[in-house]
Amino acid sequence: MAAAKSNTNWFAIGVSIAVVVVLVVLGGLVVFLNNQATSPGAAPTSNGTFDADAGSISVGEGEDTVAVFVDFQCPVCKSFEDQYGPALEAAAEDGRITLQYHPIAILDRYSQGTDYSSRSAGAAVCVAESNPDLYLDYAKVLFENQPAENSAGLTTEELAGFASQVGADDAVSCINDETYRKFGVAQAKANEIGGTPTIEINGTRLDLQNNPDDLKKLTDLIG
């Protein structure tokens, strides 16, 4: 009986150890998957126009800075660009403002699992990094070809094709590899963006939808 009892105890201890090992492994796997999900991914390189840390592409050297956070899946962003984009660019070219664009991603849930917001933001970063002078041209093409919400969106190959279309051939391999696919989501979180377009003047966030005074600040600044 003593021997049987001893064997039973050792079996129980072995089972307990095995359970602990499995739990440790599962815990490590959960941590790994969480880290993968929240990782900002590859870090782009800054240049004279693109600030990789801020995730912004700058145009112009005016005293006042207008920052525009856009999601290329966002219909309201397209409407904003159609209405105010030319005036913003003109103000930047005239030296009245420094115009900063931030491609971000918050609408992946509207692309049938293809993460179009992330892929398009990442593609824009590829262009900003390698051909910064062509960023505005590329962004315009993305808005002109904006897919409907709740569709699969454009393919990565199409995004790369648009880069070639505007002359940003140096960005094609970066786009095809989806090098910066995670960058847009990371930037949205870092800047606490809950809706797009989000507009800031000299670091102060505007409420264009509910505050007429904020809209006037923007229109007075860009003419």
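Reply: One definition comes before the questions: a residue counts as buried when its relative accessible area is under 20%, and as exposed when that area is over 50%. The model is predicted.

Me: Is Cys174 buried or exposed?
Reply: Cys174 has a relative accessible area of 11%. The cut-off for burial is under 20%. Cys174 therefore counts as buried.

Me: Which residues does Cys174 touch, leaving aside its neighbours within four places in sequence?
Reply: Cys174 is found in helix H6, which covers residues 172–176. A contact requires heavy atoms within 4.5 Å. With those neighbours set aside, the partners of Cys174 are Cys126, Thr179 and Tyr180.

Me: How far apart in space are Cys174 and Gly122, C-alpha to C-alpha?
Reply: In sequence, 52 residues separate Cys174 and Gly122. In space, the C-alpha to C-alpha distance between them is 8.9 Å.

Me: Which element gives the most residues to the lining of the largest pocket?
Reply: The largest pocket holds about 330 Å³ of space. Helix H2 (75–93) and strand S5 (198–201) are the elements that give two or more residues to its lining. With five residues, the element that gives the most is H2.

Me: How many residues of the lining of the largest pocket are charged?
Reply: The lining has 15 residues, and Val76, Thr196, Pro197, Leu208 and Gln209 lie nearest the centre of the pocket. Eight lining residues are nonpolar and six are polar. The number that are charged is one.

Me: What share of the residues of the protein chain count as buried?
Reply: The protein chain has eight helices and six strands. Of its 223 residues, the share that count as buried is 39%.

Terms used. Residues numbered from 1 in each chain as written. Predicted model: local features only at pLDDT ≥ 70, side-chain atom pairs only at ≥ 80, totals over all residues. Heavy atoms only, no water. 1 Å grid on protein atoms, 1.4 Å probe; cavity = no way out; pocket = protein on both sides within 12 Å on 5 of 7 lines; lining within 4 Å. Points joined across faces, edges and corners; volume = space filled by probe spheres on them. Helix = DSSP H or I, 4+ residues; strand = E, 2+ residues; numbered from the N terminus. Nonpolar A, V, L, I, M, F, W, Y, C, P; charged D, E, K, R; others polar. Buried < 20%, exposed > 50% of the residue type's maximum accessible area, 1.4 Å probe, protein only.
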